[in-house]
Structure formats: structure tokens, C-alpha cells
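Work through the following exercises with the model open. Each task is followed by a solution in steps.

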Amino acid sequence: MRDTDREFGNGSFGHVAYREADLVCPARRSEDRVGGKCERCVWFFFFFFFFFLQLAPSLPLQEDFVYHWKAITHYYIETSDDKAPVTDTNIPSHLEQMLDILTQEEGERESGETGPCMEYLLHHKILETLYTLGKADCPPGMKQQVLGFYTKLLGRIRQPLLPHINVHRPVQKLVRLCGEVLAAPTENEEIQFLCIVCAKLKQDPYLVNFFLESKTKVGVDRSPEGGALVGEAVRADGASSPDTGQTGPDLGPVAQTRIRNDAASAADQTVQPNHNYNLVNSLLNLTKSPDGRIVVKACEGLMLLVSLPEPAAARCLTENTALSQLLVDRLTAFYQALPPSMDPLDIETVESVNWGLDAYNLKEDTAAFAGKRALISFLSWLDYCDQLIKEAQKTTAAVLARAVRDRFLVPVLEPQLMQTSEMGILTSTALMNRIIRQVNSEALLRETVFFLLGEEREAETPGGVGRPLLRHRLIEHCNHLSDEISIMTLRLFEHLLQKPCEHVVYSLVLRNLEERCYQENKPQEEKEVLENGQLPEAVDLEEDPLFTDLSPGNRLSGSDWLSASPPRSPDHAKPDGKTEVHKIVNSFLCLVPDEAKSSYQVEGSGYDTYLRDAHRQFRDYCATCLRWEWLGTPKPFEKCNMEGPFFEGHFLKVLFDRMGRILDQPYDVNLQVTSVLSKLALLPHPHLHEYLLDPYINLAPGCRSLFSVIVRVVGDLMLRIHRIPDFTPKLLLVRKRLLGLEPEGSSIDHLTLLEGVIVLEEFCKELAAIAFVKFHASTTP
């Protein structure tokens with residue numbers, strides 16, 4: 001061949017044209033050809049065609065990229081039919097080819113290096129043009145194509161694009177278009193676009209300052225030449241700041257620092273209470289979509305935005321968006337959709353709910369119990385609020401949690417908890433119990449605790465009601481005439497005590513034990529002993545209201561009463577002030593007389609079973625309380641103000657009163673009372689340990705401890721045992737029935753007392769195990 005002419009068309013690939021003379025087979029020019037044609041000619045032609053096609057250089061990516069972009073712009077110049085849908089044109093194909101070229105270009109270059117195609121896109125403001133076309137939705141469906149292009153561009157390109165003004169400015173404008181119309185055909189593309197923007201901001205949080213837009217144009221410092229800063233405010237009508245003249249994203253370390261500083265500077269100058277956070281507003285609009293999948297994605301996007309650490313964004317989000325209003329309004333709406341009365345067992349046992357994952361099955365929900373769907377919807381949104389606040393920046397979390405307290409808990413839940421209807425109290429308390437179980441974020445848990453218990457930290461007084469009134473009412477409900485309300489309220493306090501919030505323990509118990517006024521600050525040998533052997537501060541049973549129903553012939557004398565307490569010995573205390581553990585353990589194990597014990601006759605009911613549970617629970621409590629920096633030893637007496645009278649506090653008073661009636665209360669009430677007391681005993685605070693678990697402390701006059709309360713119960717039990725015929729066999733039968741070892745049969749007399757004796761024996765074993773585990777932990781390095 002003599003010459004080869006290559007000409008490149010405007011297509012994506014060059015084509016090769018050859019002169020006809022060059023393709024004439026030598027056989028055709030010879031005199032020997034047969035029939036004027038040669039089979040070798042055909043093969044010869046194809047061989048050289050493909051050979052030269054391989055040698056021809058491919059079209060540079062930039063020319064290919066420009067071709068596709070011009071093909072799109074030519075469509076708008078040449079077409080006269082603006083009603084045809086975009087899917088009937090080649091625009092989607094050209095946009096996809098442009099994305100492929102940009103992705104290929106980045107893959108062929110070193111990390112962070114900007115190629116000519118990307119520079120062309122930025123310099124010629126292609127994204128601005130696409131935004132305009134998308135806003136006009138011309139041809140119909142163009143908005144979807146533009147949203148998809150933006151989403152794929154930000155998702156596929158690894159180098160940071162948002163720092164460039166010719167990227168984040170059109171992105172801002174497109175964000176404002178999202179969520180404008182409810183149930184729009186572009187909702188799916190809108191939410192995908194917004195979520196990819198949120199993900200990019202999560203990677204580089206400082207960029208969020210570019211998305212805080214002023215509602216009105218504000219003054220901005222300018223350079224001496226009069227050029228606007230990169231962070232110049234965007235007017236509310238969508239007009240953008242002047243171009244900075246950047247032609248490509250110089251994304252080296254120096255540029256990254258400069259962009260970060262510019263963004264922060266822009267935020268400092270322009271973030272005022274009159275700013276829009278359109279990214280949040282668009283997501284909030286999409287949370288109202290009838291499509292549940294769109295709602296979940298919008299909630300995910302909001303969760304990403306609230307977690308950004310930038311102070312300016314956090315302030316703008318809490319002050320200038322309706323996020324807190326959305327959380328509270330929807331929470332209120334879901335709560336008010338609940339039936340006025342529900343079975344507390346249904347509320348307690350409904351399956352665990354995670355927002356966005358609750359499955360909807362109307363038939364199954366209706367068959368389970370009325371209101372199950374409404375309950376799951378409420379708990380699901382509560383879980384979202386909790387997770388959102390948990391992930392939020394610290395100041396944002398505090399504001400959102402306070403909004404839930406002020407605009408939902410106080411105006412909506414408090415009246416329900418304070419009502420007088422027993423069914424209403426029971427339902428609202430069960431719901432409050434479920435709320436406490438589900439709340440895990442620190443900020444929301446703190447506000448929930450303040451709502452229930454108040455923020456006071458000073459010691460309580462016997463006649464004082466305290467604040468808030470709700471706290472006093474809930475404690476009263478622990479001693480309600482309705483056993484169901486008492487059990488549910490006690491369960492509420494038990495769940496509160498298991499939460500990682502120091503204020504719960506301090507408000508209910510510790511603030512009254514802080515000065516150790518429950519203890520007589522005088523050595524035992526210095527105490528005056530009366531002639532009959534009774535200590536001066538010992539309670540006279542004849543004057544004790546708990547024993548006024550005993551006839552004079554059945555009363556215990558003072559010396560007999562003291563004999564029920566563990567004997568004291570001079571060496572009962574170790575040098576470090578801790579009572580020898582074996583004496584404490586034996587004191588609790590020996591409290592219940594042998595004739596009232598039945599566990600030894602049933603296999604698997606020994607003291608060792610409580611040791612394993614106590615060890616596990618105490619370890620968990622220690623991990624929770626570690627950051628509260630509690631003292632390891634009791635506060636020294638010389639630093640305590642012991643002049644004032646001791647009051648155990650309203651909460652412990654109710655628990656001790658309930659414990660004193662353990663022989664006359666229903667079995668379920670006794671289980672709940674002892675469960676709450678055991679939770680308090682497990683807490684690793686020296687004053688709680690001393691007050692609840694040390695039988696040998698010298699109680700101040702008129703004071704009672706958990707051990708002294710149990711001693712009184714045992715004294716009452718010893719008098720009543722002899723009035724019940726066949727007490728021991730009946731006691732064993734009741735225990736076996738409770739364990740499911742014996743079938744239910746004929747009724748048994750004195751059933752409540754017998755069940756109370758069994759609970760008392762088990763509780764004493766549990767306290768002994770807790771005391772042993774805590775002592776062992778304190779002596780183990």
C-alpha cells in the first residue's frame with residue numbers, strides 16, 4: 001500500500017478510509033484472474049482492515065467526552081419537539097458515556113490528580129447547565145436523569161469534588177429542588193442524591209459549611225481588588241456568588257487547608273439565626289413520603305447530618321430547621337394513636353422494635369392484640385429518636401433531647417401518669433416502663449430521668465413532697481392499693497436502676513446516705529447498756545406500730561428480740577473497717593429459722609445458685625458505675641455532718657414498709673420488692689453496701705436498715721408459725737408448686753404467708769451471695 005488516509009469523525013471512535021486503488025488485489029491486475037474475481041482478495045481486504053484498525057490510535061478521552069456533551073447541547077438547539085420524553089432521546093446514553101469516561105480517566109491517573117475531562121466539566125460549568133435543564137425538566141424526565149448523573153458522579157469519583165465551587169454550588173441548588181412535591185415521580189432519585197451528598201459530608205465534615213445558606217444577602221469581606229470570597233453567601237432566590245475563576249480543583253494538601261479555612265471563615269461570617277439548612281429541609285420533606293422506603297432513607301440521611309461535628313452546622317440544625325418539631329410531633333401522634341387502655345403484659349412482651357425494620361402484617365397484628373400495630377409504630381419512632389440523639393453531635397443531642405422532654409414527656413405523658421383512673425395509670429406506667437427500657441442515648445436518658453425524678457440533689461425530709469410532683473406520685477404508686485399498679489411502678493424503678501445514669505441512684509437513695517447519719521458515731525463498748533441488757537436505741541416492740549396487733553402474751557421481751565440479731569464480737573471488724581464476710585453471710589443465712597426453711601429439701605435451690613448470678617450482675621454494675629468515680633470506702637465520720645436527723649428517703653421508706661409486710665402481701669408483689677432491693681444492694685457504693693448489707697453497723701436511734709427490717713419480719717414469723725398446723729409440710733408443698741414440681745391441687749390455708757416465707761428465705765440467700773461477691777471483689781486485685 002502506498003498511502004493510508006485516516007480521518008476522524010465526530011463519533012466516539014475514529015474510522016479508517018482507504019483509497020479504492022490501494023485495495024486492488026494483485027491477482028485482479030494480472031492476466032491470470034478467473035472470472036474477474038479472486039477469493040484471496042476478500043481475505044486480503046479483511047486482514048489489512050483489521051490490522052490498520054488496531055494500529056490506529058484511539059480518540060483521546062477528552063475529545064470523546066466533549067463529543068458526548070456537545071451531542072446533548074445540540075439536541076436542545078436542533079429539536080423542536082419538547083414534549084417527547086427524555087427516554088426517547090440519546091441524552092441518557094450520552095450522560096452515561098460521560099460518567100464512564102470520567103471514571104476511566106480517574107482510574108488511569110495517580111490518586112488526587114485531575115484529568116482534562118474533569119477539568120472540562122468544572123471549567124465549563126457542566127453541572128450548572130445540567131441543573132438548569134433538570135429544574136426545567138425539559139425534555140420530560142430530565143430531572144431524573146440529572147439527579148442520577150449527580151448521584152453517580154459523586155459516588156463513583158474518588159477524589160473530593162464538593163470543595164470546588166462549580167460543584168458544591170449546583171449541588172446546593174439541586175438540593176433545594178428535592179422534596180418540593182410530595183410523592184413526586186423523582187422521589188427515588190431525589191433521596192439517593194441527598195443520601196450521597198450526606199455521605200460525602202460525613203467523610204469531610206468541614207464541607208457542610210458550604211451548605212449553610214443565608215436567607216438574605218449579607219455583607220462579606222472582600223479582597224482589596226474587590227473579589228468575593230469563596231464562602232460568599234448565596235441569596236435566597238438562588239442567585240449564586242461570583243465565580244472565583246477556578247478552572248480545576250487543585251486538591252493538594254495546601255489547597256485542602258485553604259478550602260477548609262475558607263469554609264470555616266465563611267461559616268463564622270455568615271452563620272446567623274437567619275440561615276437555611278436546605279439539605280436538612282429537603283430530607284425532612286421526604287420523611288412525609290407515603291413510600292416507607294423513602295422515609296427510611298430520609299431518616300438515614302438526617303442521622304448522618306446530625307452527627308457532623310461542625311459547631312456552625314449543629315447550631316443551624318437546631319435553631320433554623322424543623323427537625324426537633326418533626327421528632328416530637330410524630331412521637332406525639334403515634335402515642336395518641338394508641339388505645340386508651342391496653343394489657344400491660346402485651347406492652348411488656350411485644351417484640352423488640354428497631355426503626356425501619358418493623359414488619360407490617362395487619363392480619364397477625366390484629367390477631368395478637370388490639371393496638372399492636374399502633375404500639376409498634378410508636379416504639380419504632382421512639383427507637384429512631386433515640387438512635388438519632390445517640391449519634392448526634394453533643395450540643396445537637398442535648399437540644400433534641402430537651403425538646404422531647406418539654407414537648408412530649410411533660411405535656412403528653414405526665415398527665416397520663418398523674419391521672420386517677422387505675423386502668424389509665426396501669427397503661428401509662430407500662431408504656432413509660434417500655435420507654436425507659438428502649439432509651440439508650442445518654443442525652444435522652446438524662447432528660448427522661450429528670451422528667452421522672454427531678455433534678456434536685458439535696459437530702460430529702462420526711463414531710464417534704466419534693467419536686468417534681470410526678471416523682472412523689474410514682475413512689476406513692478409503689479404502695480398503691482392496686483397490686484398491679486404497685487408491681488408495674490416497682491418494675492419501672494427497677495429498670496431505672498439498671499440504666500447507666502448516676503442521677504437515678506443518687507436521687508432515689510444516695511443523697512440521703514451521703515452524711516452517714518444512719519450510723520451512731522460511737523464505739524460499741526462506749527454505749528450505755530440498760531439493766532435488762534437492751535441498748536438505749538433499741539426499738540421497743542410494744543411501741544412499734546408494726547406489732548400493735550400482738551397480744552401481750554405473745555410479745556417478745558427486749559432481750560429475746562436482741563437474741564434474734566447476730567451476736568457481736570470484739571473482732572467482728574477487720575482493720576480496714578470491713579466486717580468479716582463470713583459473719584455477714586452467716587447472719588443473712590441464719591436469719592430465717594430452720595423450721596421455716598424448705599429449700600434444702602428441693603434440689604437446685606441452694607445458696608450457690610445465687611453466687612453465680614450475683615457475680616455476673618455485680619460485674620455488670622461495676623462496669624456501668626466505673627465512670628461515676630464513686631469512693632471505694634465510706635466517707636470519714638469527721639467529714640460528715642451528722643447533726644441532722646436521718647431520713648432514709650421516700651423511696652427506701654416505701655421499700656422497707658413493703659418488706660415489713662412480706663408475710664401478708666401477694667407473691668408477685670414480694671418478688672418485685674425484693675428484686676428492687678437486690679438491685680440496690682448490688683450497686684458498688686460503700687454507703688449502700690454499709691446500709692443494706694452490713695448487719696453489724698451501729699444504727700443511730702430511731703433508724704432502721706434492711707437487716708433490722710428483716711429481723712422484725714422474722715420475729716413476727718416465729719410467733720405465727722405455731723398457729724399453723726402442719727406448717728413444714730405445707731411450706732414444702734407450696735414451694736414445689738411454685739417450682740412446677742407438683743401439680744396444682746386443693747387450696748392451702750395461709751397460702752399468702754407460706755409464699756411470703758419462701759420469698760423471705762430466698763431473699764436472705766440472695767443478700768448473702770451479694771455480700772460475699774462484693775467482699776471478694778474488693779479483696780481481689
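**Exercise 1. A helix pair**

Within what distance do the axes of helix 9 and helix 11 come, and at roughly what angle do they cross? Classify the crossing and list the residues in contact.

Solution. The model is a predicted one.

Step 1. Helix 9 covers residues 187-203 and helix 11 covers residues 278-286; their axes come within 11 Å and cross at roughly 140°.

Step 2. Angles over 145 degrees would count as roughly antiparallel, and 65 to 115 as roughly perpendicular. The angle of roughly 140° therefore makes helix 9 oblique to helix 11.

Step 3. The crossing of helix 9 past helix 11 is left-handed.

Step 4. From helix 9, the residues in contact are E187, E190, I191, L194, V197, C198 and L201. Their partners in helix 11 are L279, S282, L283 and L286. Sorted by class, this contact of helix 9 with helix 11 holds eight nonpolar residues, one polar residue and two charged residues.

**Exercise 2. Cysteines**

How many disulfides does the model contain, by a sulfur-to-sulfur cut-off?

Solution. 

Step 1. A disulfide requires two cysteine sulfur atoms within 2.5 Å. The count by this rule is zero.

Step 2. For C517, the nearest cysteine sulfur belongs to C640 and lies 7.3 Å away, and C517 is in no disulfide. The relative accessible area of C517 is 15%. Buried means under 20%, so C517 is buried.

Step 3. For C703, the nearest cysteine sulfur is that of C517, at 8.3 Å, and C703 is likewise in no disulfide. C703 has a relative accessibility of 13% and counts as buried.

**Exercise 3. Backbone features in loops**

Which peptide bond is cis, with omega near -5°?

Solution. 

Step 1. The cis bond runs from C138 to P139. P139 sits in the loop between helix 6 (126-136) and helix 7 (142-156).

Step 2. D137 is found in the loop between helix 6 and helix 7. Its phi is positive, about 50°, although D137 is not a glycine. With a relative accessibility of 33%, D137 counts as partly exposed.

Step 3. D726 also has a positive phi, of about 55°, and is not a glycine. Its place is the loop between helix 30 (706-721) and helix 31 (727-738). The relative accessibility of D726 is 54%. Exposed means over 50%, so D726 counts as exposed.

**Exercise 4. The surroundings of an asparagine**

Is N670 buried or exposed, and which residues does it touch, not counting those up to four places away in sequence?

Solution. 

Step 1. N670 is part of helix 28, residues 667-682.

Step 2. N670 has a relative accessibility of 2% and counts as buried.

Step 3. Leaving out residues up to four places away in sequence, N670 touches I662, Q665, G756 and V759.

**Exercise 5. The chain as a whole**

How many helices and strands does the protein chain have, and what share of its residues is buried?

Solution. 

Step 1. The protein chain has 32 helices and four strands.

Step 2. Of its 781 residues, 50% are buried.

Step 3. Among contacts in the protein chain with a separation of 6 or more, 77% involve residues 24 or more positions apart.

Definitions and conventions: Residues are numbered from 1 along each chain as its sequence is written. This is a predicted model: local features need pLDDT of at least 70, side-chain atom pairs count only at pLDDT 80 or more; totals for chains, interfaces and linings use all residues. Side-chain values use heavy atoms; hydrogens and water are left out. Axes are lines fitted to C-alpha atoms, for helices over the stretch in contact, and angles run from 0 to 180 degrees between N-to-C directions. Helices (H or I, at least four residues) and strands (E, at least two) are DSSP runs, numbered from the N terminus. Angles under 35 degrees count as roughly parallel, over 145 as roughly antiparallel, 65 to 115 as roughly perpendicular and the rest as oblique. A crossing is left-handed if the near helix is turned anticlockwise from the far one by less than a right angle, and right-handed if clockwise. Contact means heavy atoms within 4.5 Å. Ala, Val, Leu, Ile, Met, Phe, Trp, Tyr, Cys and Pro count as nonpolar, Asp, Glu, Lys and Arg as charged, and the others, Gly among them, as polar. Buried means under 20% relative accessible area, exposed over 50%, partly exposed in between (1.4 Å probe, protein chains only).
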